[in-house]
Amino acid sequence: MKPKIFYTKMLEVFSNSNENFLIDSTGKKTTYLEAKSLISKCYTKLKNYENKKIVILSEKSILNYCLILTILFSGNTWVPLNPDNPFQRIRDILKTLEPDLLILDKDTKDDLLQFLDKNLIKYKFIDDLFLGLETEVTFDRLEIKPKHLSMIYFTSGSTDIPKGVMIKHESFIQNVLNILKIVKPKKNIFGDYHDLSFVISIPIIFPAIMSESSIFIGNKFDNILPCNSILNFNIDFLIT
């Protein structure tokens, strides 16, 4: 399936669904229709970037998920990093990657901000990307080349400097379509109990959206003890 068709279908799910939602561990719920509005706001902020490497170094949240989708819809490359990683690992990855833009939480530590300034790495705070009035947006970047990079995941770096694994749009999309053929979900509530920099996020986030299912966004504590949230939020679909 061509990227334009795939991402158009995904946008249609957001445009036509007020029943499905993103929900976090506090119980905050954002319907897909509301998420579409957030994605539109963010899209206007990323219009000046195309086929660029955009790193998200932010805690999992509803805004984080909307940002991931905006990066893909705008024809850019998503690079997830875990803010809980040691500073040296983050620094090594950024030096290797040379990102075009870094998205941070506002409580980012000063040593990282100083490193970014020193190395002239451009950054923005995630909350700022979703400010402003809602405007009518035309998603005009969906004519994405299949062989362009959709995302870059980095290895653990436990034995050496972390290495980036590059995933093209055509490979990512085929992976999601294959998963949908196997698991065949429909209007479930997926539980995401994984660090976003762990590649298993792909078979959770995107099949959930394409199957018109909802997503529970677990935090680091839910990842350790998921039982309460599974019961409290009626989660009925897990991929581990």
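How many residues does helix H3 have, and how far does H3 reach from its first C-alpha to its last? Helix H3, residues 62-73, has 12 residues and reaches 17 Å, close to the 16 Å expected at 1.5 Å a residue. That expected span is 1.5 Å times one less than the number of residues. When I say helix or strand, I mean DSSP runs numbered from the N terminus: H or I with at least four residues for helices, E with at least two for strands.

Quick housekeeping, then. This is a predicted model, where local features need pLDDT of at least 70 and side-chain atom pairs count only at pLDDT 80 or more, while totals for chains, interfaces and linings use all residues. Residues are numbered from 1 along each chain as its sequence is written, and side-chain values use heavy atoms, with hydrogens and water left out.

OK, back to H3. Is this helix enclosed or open? H3 is largely enclosed by the rest of the structure, because 11 of its 12 residues are buried. Buried here is under 20% relative accessible area, exposed is over 50%, and partly exposed is in between, with a 1.4 Å probe and protein chains only. Among the buried ones are Ile 62, Asn 64, Tyr 65 and Cys 66, and also Phe 73 at the other end of the list.

Thr 70 sits in H3 and is buried, with a relative accessible area of 0%. What does Thr 70 contact, leaving aside neighbours within four places in sequence? The partners are Ile 39, Cys 42, Tyr 43 and Leu 46, where contact means heavy atoms within 4.5 Å. And after H3 comes Gly 75, with a positive phi near 75°.

Two packed helices are described by the angle between their axes and the distance between the axes. The axes are lines fitted to C-alpha atoms, for helices over the stretch in contact, and angles run from 0 to 180 degrees between N-to-C directions.

Start with H6, residues 169-183, and H7, residues 202-210: their axes come within 9 Å and cross at roughly 70°. That makes H6 roughly perpendicular to H7. For the cut-offs, under 35 degrees is roughly parallel, over 145 roughly antiparallel, 65 to 115 roughly perpendicular, and the rest oblique. The crossing is right-handed; a crossing is left-handed if the near helix is turned anticlockwise from the far one by less than a right angle, and right-handed if clockwise. On the H6 side we have Phe 172, Asn 175, Val 176, Ile 179 and Leu 180, meeting Ile 202, Pro 203, Phe 206, Pro 207 and Met 210 in H7. By class, the H6 and H7 contact has nine nonpolar residues, one polar and no charged. Nonpolar covers Ala, Val, Leu, Ile, Met, Phe, Trp, Tyr, Cys and Pro; charged is Asp, Glu, Lys and Arg; the others, Gly among them, are polar.

Next, H1, residues 3-16, packs on H6 at an angle of about 50°, with the axes 10 Å apart. H1 and H6 are therefore oblique to each other, and their crossing is left-handed. Pro 3, Phe 6 and Tyr 7 of H1 meet His 169, Phe 172, Ile 173, Val 176 and Leu 177 of H6. That contact divides into seven nonpolar residues, one polar and no charged.

How many residues of H7 are buried? Nine of the nine, so H7 is largely enclosed by the rest of the structure.

Most residues other than glycine have a negative phi. Where does Glu 98 lie? Glu 98 is in the loop between helix H4 (87-97) and strand S5 (101-104), with a positive phi of about 50°, and Glu 98 is exposed at 59% relative accessible area. Lys 187, in the loop between H6 and strand S9 (189-192), has phi near 55° and is partly exposed at 44%. Just after H7, Glu 212 takes a positive phi of about 55°.
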